[in-house]
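This briefing is intended to be read beside the sequence and the structure. Its points are grouped by topic.

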Amino acid sequence: MKLQLSPEDAAFREEMRTFFTTQVPQTTRDIVAARRELSKELIVQTQQILNGAGLAVPNWPVEWGGRDWTPLQRHIWHEEMQLASVPLPLAFNASMVGPVIAAFGSQAIKERFLAKTANLDIWWSQGFSEPEAGSDLASLRTTAIREGDEYVVNGQKAWTTLGQYGDWIFCLVRTNPEAPKRQQGISFLLIDMTSPGLTVRPIELIDGGYEVNEVFFDNVRVPIENLVGEENHGWDYAKFLLGNERVGVAPVGSTKRLLAQAKTYAQSAGSGGTSLLDDPLVAAHITELENELLALELTALRVVANSAGGKPHPASSVLKLRGTELQQAVTELIVDLAGPASLASGAGPDSDLPDWTKVATPQFLNYRKASIYGGSNEVQRTIVAGTILGL
Ligand SMILES: Cc1cc2nc3c(=O)[nH]c(=O)nc-3n(C[C@H](O)[C@H](O)[C@H](O)COP(=O)(O)OP(=O)(O)OC[C@H]3O[C@@H](n4cnc5c(N)ncnc54)[C@H](O)[C@@H]3O)c2cc1C
C-alpha cells in the first residue's frame, strides 16, 4: 500500500528530503545510522543548521521562528528528518520549554530566551521527575520559597536526561506547600545550572552509558523574573508540555529506517553464503513488523488530521504506546539477527565483527527506556481507556 500525497505535499516532501540529505553533514548522519552516541557539539551544530533554514522549531508561533505549515507538513518534516538519520532538534528546547515560554511566558522572558532556545545556544534540561514523583508527578516535593526578589529552591530531581550538558533547567517546583490540592501549589521555574548550590550527579544506565542524572538543589537562589506565567499555575503549563512530549516520542520515521537497516543486516547475516532473509520465520517476522509499522503510520496521519488548534488528539497516547513498542520490537529483532555476535558489545576496533552486531545489545537495553519516559506505557493505557474507550 502506498500513501498518496497531493502534488504540493509531495513537492514539500522532496524539498525536505533534499535539504536533510545535502545540508546536514553525512558524517553526522552516519553516526545516527550506526546508532553510535553523538557528541554535544554535533547535536548543537545540526540544530543550528536546521534553525538557520527555519527548520528547527516549525511548531512554534511564526513570530518566534515557527512556520505556518499544515499538520501534515509538520509530520512530513519530522518523518523525513528521521528517515535521513538527522539528529532531531533537542526535544527539551524545541518541543518542551520553547512552546511553554511562547504560550505562557511574559514578553520579557520570551525575548530573553526564545531565539537562543531555538538555536540551541542554551541547552535546556527537564527537571520534572523526582525519586518519589514519576507517574504521580503531582506529588513532587522540591520547594521554591519566596524571599524578597528571589525563590530559594531545595530538593532533588531525577532521571534528568543529558543534564551533564545542560546550561539551564526548567523545573516544576512547589511554591505553595499549603495548597489544598497537590496540583495547585506548583510553579514552572527556569534555573541557571551554574547557580551556587546546584549539583548534577550522573547515573549509569544498563547499557553502560551516562545519559541521565540526578540534580540536587541546596538553597539555590533564583530571581523571581525566572518564573514562567503565574505562580502556582505550573501544573497547567506542565500538562500542555507533556501533551507535546507524547506526540514527539512516536518515532515512526526512525523505526522505519531501522527496520530497513535490519533487512540489510539480515541479508549479510546468514551462514554458508545464505541470507537470513531466506529463512521463512525471519521473513515472516520482518513482514509482520512492516505491517504493524504501516498501521502505526496511518494512525499517526489520522492523529495529524484530527488535531485541532494545536491540541494533541487523545490518540496521541496510542501513538506513544504503539510507537515505542515497535521501536523496542525492532531493536530486539536486530539482537536476534546478530545471534551469538550480539554478546560482543565490548569487542574492540580490531574485532572483525560488523559494527551493527556490537551495538545491537546495548541499543536493545537502552531502548527499554522508551516505554517509561514521556509517561509510562501503563499510564498511556489508562489514558486510552478513559479518553478513547470511555471506560
Ligand atoms: C531514560 C529516561 C530518561 C528520562 N528523562 C527525564 C528527564 O529528562 N526529565 C524528567 O523530568 N524525567 C525524566 N524521566 C523520568 C520519567 O518521566 C519517569 O521515569 C516516568 O514518569 C515514570 O516514573 P518513575 O520512574 O518514577 O516510575 P513509577 O511512576 O514509580 O512507576 C513504576 C511502575 O509502575 C507503573 N505505574 C505507575 N503508576 C501507575 C498507574 N497509575 N497505573 C498503572 N501502572 C502504573 C509504571 O508504569 C511503572 O511500570 C526519564 C526516564 C527515563 C527512564
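This is a predicted model: local features need pLDDT of at least 70, side-chain atom pairs count only at pLDDT 80 or more; totals for chains, interfaces and linings use all residues.

The chain as a whole is divided into domain 1 (7–89), domain 2 (124–233) and domain 3 (249–388).

**The shell around the ligand**

- The ligand is surrounded by 17 residues, and the closest are Phe128, Gly134, Ser135, Ser376 and Glu378.
- Strand 1 (124–127) and helix 12 (377–388) each contribute at least two residues to this shell.
- Helix 12 provides the largest share of the shell, with 3 residues.

**The chain as a whole**

- The chain contains 12 helices and 8 strands.
- For 391 residues, a compact globule would have a radius of gyration near 21 Å; the value for the chain is 22 Å, which agrees.
- The C-alpha trace spans about 75 × 50 × 45 Å along its principal axes.
- Of the 391 residues in the chain, 38% are buried.
- Among contacts with a separation of 6 or more, 70% join residues 24 or more positions apart.
- Between the C-alpha centres of domain 1 and domain 2 there is a distance of 30 Å.

**Helix 11**

- Helix 11 (residues 355–366) has 12 residues, so at 1.5 Å a residue it should span 16 Å; the C-alpha atoms at its ends are 17 Å apart, in agreement with that expectation.
- The buried residues of helix 11 are Trp356, Thr357, Lys358, Val359, Ala360, Thr361, Pro362 and Phe364.
- Helix 8 (252–268) and helix 10 (316–338) are among the elements that cover these buried residues.
- As a general point, an α-helix has 3.6 residues a turn, so residues three or four places apart point the same way.

**Ala341**

- Ala341 is located in the loop between helix 10 and helix 11.
- Is Ala341 buried or partly exposed? Ala341 counts as partly exposed because it has 19 C-beta neighbours inside 10 Å, whereas a buried residue requires 20 or more.
- Apart from its neighbours within four places in sequence, Ala341 is in contact with Leu353 and Thr357; Thr357 is also one of the buried residues of helix 11.
- Ala341 and Thr28 are 313 residues apart along the chain, and their C-alpha atoms are separated by 26 Å.

Technical notes
Residues are numbered from 1 along each chain as its sequence is written. A residue is near a molecule or strand if its C-beta atom, placed from the backbone, lies within 6 Å of it. Helices (H or I, at least four residues) and strands (E, at least two) are DSSP runs, numbered from the N terminus. The expected span of a helix is 1.5 Å times one less than its number of residues. A residue is buried if 20 or more other C-beta atoms lie within 10 Å of its own, exposed if 12 or fewer, and partly exposed in between; C-beta atoms are placed from the backbone. Two residues are in contact if their C-beta atoms, placed from the backbone, lie within 7 Å. Domain bounds come from an automatic or database domain assignment. The radius of gyration is taken over C-alpha atoms; the globule rule is 2.2 Å times the number of residues to the power 0.38.
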